[in-house]
Amino acid sequence: MQELYEAPLAPLTTLRLGGPADRLRTATTDEEVVAAVREADDAGEPLLVIGGGSNLVIADKGFRGTALRVATTGFRLDGAQLELAAGENWSAVVERTVQAGLAGVECLAGIPGSAGATPIQNVGAYGQEVASTLTEVVAYDRRLRRTVTVPRDECGFAYRHSRFKADPDRFVVLRVRFALDDAGGLSGPVRYAETARALGVRPGERVPLAEARETVLKLRAGKGMVLDPEDHDTWSAGSFFTNPLLTEAEHAAFLARVAERLGPDVAPPAYAAGEGRTKTSAAWLIDRAGFTKGYGDGPARISGKHTLALTNRGSASTEDLLTLAREVREGVRHAFGVTLVNEPVTVGCAL
Ligand SMILES: Cc1cc2nc3c(=O)[nH]c(=O)nc-3n(C[C@H](O)[C@H](O)[C@H](O)COP(=O)(O)OP(=O)(O)OC[C@H]3O[C@@H](n4cnc5c(N)ncnc54)[C@H](O)[C@@H]3O)c2cc1C
């Protein structure tokens, strides 16, 4: 197992931010992952699991403990059943499933990071989320000190959330299993209005898989949501804030604030989110609170392509990014009475 001391973590993150870890280990087999986790736990040492670093905000002071990079490989298709090692690159996995003619994750193309991290926040985009196709997560359970298989029903999946995210120091994902769909080379029903428009179909229709994937990639690239080392608009953690889920009372109060501030004819985005809650758009709130694309004049700015992405223009520190994030959160709270919550995981720092 590769091992480095005082190892910089910034290059392992898409934000390229954060100080060093006392120790960085890179595991390339499940056995190495488990051994590294056990050793850290036995020594009472803090552990930070890193996949592709695309949803991590690491403090400038770094991480006092062991950072474990999961770099395992394994892609196994048996009919429409897919098993992935946690370290597999997710975007490459999607490409391979599309090439294999299987539907279910084609709209999750271009999401950076590892397969093992997809269940953590139940990654989703353009009308799909992994909770719909994932069947099981094989993980090392640090509490039980053994490898367990967690069926989908016990994963606690919700919007950008799961049992794994709720209990971050318990499970280290080793393998993820999916049941894909053989729809004769067609995609799943296109559920997202923007994708349907771009594809020239009605929501609910199916299109050739490759077309669905390419369209999603094109839409994402236009928003700086496909990694490009040359483009600082993609030096981000993707969406920095989740879309707020409002109770009935909160939604009513929000609408009153919108009417007061922007006039009675302005209707903010609203989607039924179950349990009487309404989902509104964090991007809309940020934009209408005055933080438009490209906002900021420091080394951390809002992406020039998407209001929801906070970016490092090259010389930012984590503190610069958090200062901007706090400004946005306070501005939105002041304007609309809604408190935005960060989507990426913060390590050694907080918003
Ligand atoms: C440009 C861009 C676009 C994005 N677009 C989307 C999007 O459309 N939809 C979406 O949902 N997300 C999106 N994201 C966020 C991110 O890509 C996903 O959350 C992704 O799943 C994170 O994977 P990762 O391997 O990079 O995780 P990391 O950033 O390395 O880790 C994230 C969290 O998961 C934990 N973790 C990682 N691997 C494991 C493991 N094997 N076992 C246990 N815990 C683990 C880490 O400890 C940490 O808490 C985007 C990010 C970027 C930079």
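Tutor: Let us begin with a definition: two residues are in contact if their C-beta atoms, placed from the backbone, lie within 7 Å. Helices (H or I, at least four residues) and strands (E, at least two) are DSSP runs, numbered from the N terminus, while residues are numbered from 1 along each chain as its sequence is written. This is a predicted model, in which local features need pLDDT of at least 70, side-chain atom pairs count only at pLDDT 80 or more, and totals for chains, interfaces and linings use all residues.

Student: Okay, so which strands does helix H1 lie across?
Tutor: Helix H1, residues 30–42, lies across S10, S11 and S12, and runs at about 150° to S12; axes are lines fitted to C-alpha atoms, for helices over the stretch in contact, and angles run from 0 to 180 degrees between N-to-C directions.

Student: What order do the strands of the open sheet have?
Tutor: The 5 strands follow the order S6-S7-S12-S10-S11 with antiparallel pairing, where two strands pair if DSSP finds at least two bridges between them. Strand S6 (75–78) and strand S11 (146–151) are the edge strands, each pairing on one side only.

Student: And over how many bridges do S10 and S12 pair?
Tutor: Strand S10 (residues 134–141) and strand S12 (residues 171–179) pair over 7 bridges in the antiparallel sense, and Ala 139 stands opposite Val 173 in S12.

Student: New topic: which element gives the largest share of the shell around the ligand?
Tutor: That is S12, with 3 residues.
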